[in-house]
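Dear colleague,

I am passing this structure on to you, with some notes on its charged side chains below. Please open it alongside the text as you read.

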Amino acid sequence: MENYLSNEFGRSGPLLLAEAQAKGRYVQAKRVFTSLTPEQVVDEVKNAGLRGRGGAWFPTGIKWSFMPKEPLKGPSYLVINADEGEPGTFKDRQIMEKDPHLLLEGIMIGSFAIRAETAFLYIRGEYLTAHDALATAIAELEAAGILGASAFGSGRPMRIVLHRGAGAYICGEETALLNSLEGRRGEPRPKPPFPAVWGAFGRPTSVNNVETLANVPAILERGAAWYKTAGTAQAPGHLLFGISGAVERPGCYELPLGTTARELVEKWAGGVKGGKKMRAFIPGGASTGFLPPDKLDVAMDPESLRKEGTMLGTGGIIVIPEEVAIVDAARVFSRFFRHETCGQCSPCREGSAWSDQVIARFQRGEGRNDDFALLEEIMRGSKQRTICVFPEAFAGPLGSAIKHFKGELVAASAERAAHPAGAGGATHHG
Amino acid sequence: MAELTIDGRKVEVPPGTNLIEAARKLAIEIPYYCYHPALAPVGSCRMCQVEILDPGKPPRVTIACRTEATNGLNVSTTGKDCVAARAATLEFLLANHPLDCPICDKAGECDLQNFTYRHGHGAGRFSEPKRAKLKHEPIGDHILLDQERCILCTRCVRFMGEYAKSPSLVVAGRGDRNVIATFPGEPIHSNYEGNLADICPVGALTLKEFRFKSRVWDLDSTESVCTGCDRNCSILLETKRNRLLRVRPRVNLQVNGHFMCDVGRFGLLDALNPQGREEQGFVKGARVTAADAVAALAATLAAERGKWLIVLSARLTTEELLLAKTVLGPLARTLAYVPVEANGGDAILYTGRAAANAKALERLGVTALDEAAAAKLLAEPATSGLLSFDAALAARLMAGTKGKRLALIDVVAGRAADAPGAPHGAELFVPGTLFSEKDGTFLNLDGVLQRAQRAQRWPQGTIPETVVLREIAGAAKVDVTALVAKPDLTFALLESFGLPGATLAQLPDDGLKLAAAPATAGAAAGATA
Ligand SMILES: Cc1cc2nc3c(=O)[nH]c(=O)nc-3n(C[C@H](O)[C@H](O)[C@H](O)COP(=O)(O)O)c2cc1C
Ligand code: SF4
Ligand code: SF4
Ligand code: SF4
């Protein structure tokens with residue numbers, strides 16, 4: 001199957017409306033608005049088996065089918081999650097910076113599918129280039145009358161509101177995002193109620209990831225059967241795999257779901273930088289944790305990675321070279337997660353900080369044998385015990401470091417105790 | 001009704017009741033911090049975890065505060081997973097807690113202490129440096145914040161927004177840097193600030209007025225009502241060696257819910273610890289014992305029947321008012337009270353009407369006179385003097401009148417120990433007592449009759465108003481046998497309202513809501529409007 005997500009990624013600036021339309025952009029959106037019903041769109045996406053690219057891999061068509069069929073006493077909303085904060089993840093950014101109209105067409109079709117006349121695009125505060133590209137693209141659509149009182153002359157109003165976040169990882173969690181969008185503190189909401197019942201401004205809402213929506217125009221154009229010719233049976237289609245860290249050609253690669261990590265790292269990204277050995281790799285963003293190099297043959301799809309005890313997450317691979325000690329890599333992430341938890345739930349707030357303090361001790365050569373049991377207890381006391389799944393995220397690197405690299409952690413601590421000057425790395429004391 | 005099972009016992013609750021409240025009905029404790037019955041549940045502290053048992057499935061750990069009771073639900077509070085989850089939560093909360101219990105006002109009534117004993121591990125494993133945050137920061141007129149003791153339950157934040165309608169507290173920061181804070185330069189400004197010290201489950205919010213005054217286990221707690229306005233919030237008066245150290249609201253869903261206002265809380269703290277209280281009687285400028293002052297007053301009223309304007313006060317208990325009406329009615333030229341206007345009330349609890357028992361005066365059918373009418377009546381030649389139970393009011397009424405005599409029965413504070421002459425130059429002065437020094441009831445604006453129990457001893461030398469009134473009745477030969485033949489004055493009072501009698505001790509803890517007054521008894525009611 002030819003690429004349908006990354007065709008414009010080689011550009012230096014965003015593809016503008018006229019050129020995008022010349023390449024067929026908005027043909028599907030127009031067809032949808034002027035000749036299809038919402039059910040037909042939802043069915044096509046359901047049949048294609050499209051699953052959410054935000055990390056949870058929930059089937060998109062099913063999510064849309066939870067939305068009210070007749071908006072009850074007020075509007076329904078589509079909210080686009082462009083907060084992309086997961087370390088190692090930079091795929092949504094490529095779409096927005098280079099091909100904003102691909103996303104915007106997906107948004108229009110998605111909005112139609114759930115009977116929303118307003119879509120809120122919540123974009124990560126740091127993504128200024130992407131923000132400007134989108135703002136320009138939205139203005140182009142408004143000027144062309146595609147967005148406005150009657151999209152494509154269908155009589156159906158459509159508007160897209162661009163909203164910048166203020167730089168918080170937790171605002172990528174969909175209900176924290178909704179709170180933040182509403183001007184509240186960016187904290188996840190207890191569920192139920194789910195967004196389809198009580199979402200943005202208390203209205204039924206579907207929250208969808210940027211890349212998820214970018215898949216939609218192609219599905220409408222070529223059909224569900226075509227879509228399923230790529231990827232795995234349970235996870236069809238292409239994924240934008242971000243590869244970063246110590247590789248020769250870091251970047252964003254569009255490949256079918258189920259491609260092996262080895263193919264991605266060795267063939268596409270050119271292998272470990274400088275021909276060095278790999279200490280570990282992270283399959284799908286920081287929260288998916290470390291895998292040892294002997295797992296490189298794992299197929300990059302949700303089901304295969306689950307069998308390895310981890311997740312596909314965002315598909316953002318991070319390669320850690322031999323010269324970086326696992327304890328230092330683990331500390332980067334424990335600090336990150338400690339910094340980014342919203343902190344409302346006692347186990348997550350305290351557990352993320354406490355485990356970071358323990359890892360920091362290992363880093364300083366002060367690890368103790370009973371620390372492993374303690375860390376397991378911290379994870380046990382917080383996973384599935386909080387408002388959102390953040391503890392699963394901070395437990396990703398932590399648990400996998402213990403599971404796959406316990407010996408290295410012990411050795412690093414002992415070695416640094418013996419040679420304190422060489423401890424190096426981060427020295428932030430918690 | 002939903003019937004569910006908790007720890008093997010069945011209980012029926014209205015649908016929608018959460019599991020914490022359902023368990024409470026069975027006297028099963030589900031511990032919690034962020035939950036509060038008067039606030040929307042947020043489910044963040046994770047202390048109330050229980051297990052839901054579904055046949056054929058492993059137990060599911062969830063939070064009780066946001067789980068609604070439904071028919072057939074089977075809940076365990078003792079399953080090993082939820083017990084472990086609660087112990088883990090406590091260990092997390094204690095990790096950075098400063099453990100300054102020995103110097104913390106909350107010790108002894110702290111939910112972190114209590115739940116740790118009942119639901120925690122014996123020992124903590126946290127061995128890292130603890131977080132340092134701000135301690136004893138003033139954040140309002142009354143409250144000091146200790147961010148280290150704070151467990152970030154956000155009850156205070158939600159209380160100020162949801163209840164006090166003054167969203168002045170926030171969570172600032174993120175993660176373990178989270179702290180409770182006010183907006184820069186904007187301290188709390190609210191009539192409900194004092195409640196923060198009560199709703200804070202730990203010692204993070206303490207009252208300036210109570211700091212380091214007493215260990216809570218040394219306090220004597222007495223159920224009473226607030227007399228700051230005619231809401232009559234249910235309260236606890238907490239004393240140590242007869243001195244009132246703290247006033248707290250008591251839950252009463254038909255009066256004040258869970259809270260009280262600052263006018264009441266701190267007003268009572270002043271009013272019930274009067275400084276420079278006059279504890280002796282006066283007759284014609286000479287200091288005498290209270291008994292002698294009462295005898296002189298009784299003799300005067302008996303000798304001058306029908307000549308005195310007698311003004312009752314809403315500070316008196318309902319029983320005192322009943323007795324006063326019975327005894328003084330036949331002796332007075334006019335027996336009346338002066339209704340108090342509302343001043344500065346709010347839409348939450350405080351009515352602004354500083355007349356705790358106004359409703360009782362109205363309901364007893366005592367004549368209402370405004371100040372001008374009372375002053376006019378006093379000025380009439382046929383009136384020889386004013387007997388008042390309210391010294392401040394009497395002073396105002398006397399101000400514009402010449403040659404009238406004054407008798408006072410009241411608590412008067414702010415006097416020098418050797419002050420010459422009686423307060424306000426009264427010819428007769430009887431040192432009265434505070435409502436907290438005797439048992440009685442108050443009738444609030446909604447007609448709820450509540451018990452105020454004796455929390456303090458009256459000072460030697462002062463004399464309770466019922467004793468004064470019985471003396472007067474004896475001297476003036478007013479027949480009160482119909483009243484004193486009853487089990488007690490409360491019983492007589494209820495009967496006089498045409499209701500079934502009940503003694504003071506028999507009144508429910510949250511008060512008795514009286515049916516609306518029958519039309520005939522309400523003859524004087526219009527006068528207050
Ligand atoms: C801590 C946390 C951070 C998240 N961050 C993001 C994010 O940056 N972008 C995103 O699309 N989804 C993120 N998610 C997932 C969203 O909650 C949500 O599942 C997703 O936006 C749904 O879109 P999808 O169905 O299209 O995947 C995050 C979830 C969690 C728990
Ligand atoms: S689990 Fe952590 S990040 Fe999620 S709501 Fe609770 S404290 Fe916030
Ligand atoms: S100050 Fe008290 S009430 Fe407020 S969040 Fe902290 S512990 Fe809770
Ligand atoms: S509302 Fe009235 S009765 Fe209640 S505490 Fe305030 S002053 Fe006292």
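To begin with burial, E8(A) is buried at a relative accessible area of 8%, where buried means under 20% relative accessible area, exposed over 50% and partly exposed in between (1.4 Å probe, protein chains only). Its partner in a salt bridge is R11(A), with the closest N and O atoms 3.5 Å apart, and R11(A) counts as partly exposed at 25% relative accessibility. A salt bridge here is a side-chain nitrogen of Lys or Arg within 4 Å of a carboxyl oxygen of Asp or Glu, and by this rule there are 66 salt bridges over all chains.

Please keep in mind that this is a predicted model, in which local features need pLDDT of at least 70 and side-chain atom pairs count only at pLDDT 80 or more, while totals for chains, interfaces and linings use all residues. Residues are numbered from 1 along each chain as its sequence is written, chains are lettered from A and ligands numbered from 1 in the order in which they are written, and side-chain values use heavy atoms, with hydrogens and water left out.

In chain B, D100(B) and R149(B) form a salt bridge at 2.9 Å, N to O; D100(B) is buried at 13%, and R149(B) is buried at 5%. Another salt bridge joins R231(B) to D446(B) at 3.9 Å, N to O, where R231(B) is buried at 15%, whereas D446(B) is partly exposed at 37%.

Finally, a network of salt bridges links R331(A), R338(A), R349(A), E350(A), D356(A), R131(B), D176(B) and R177(B).
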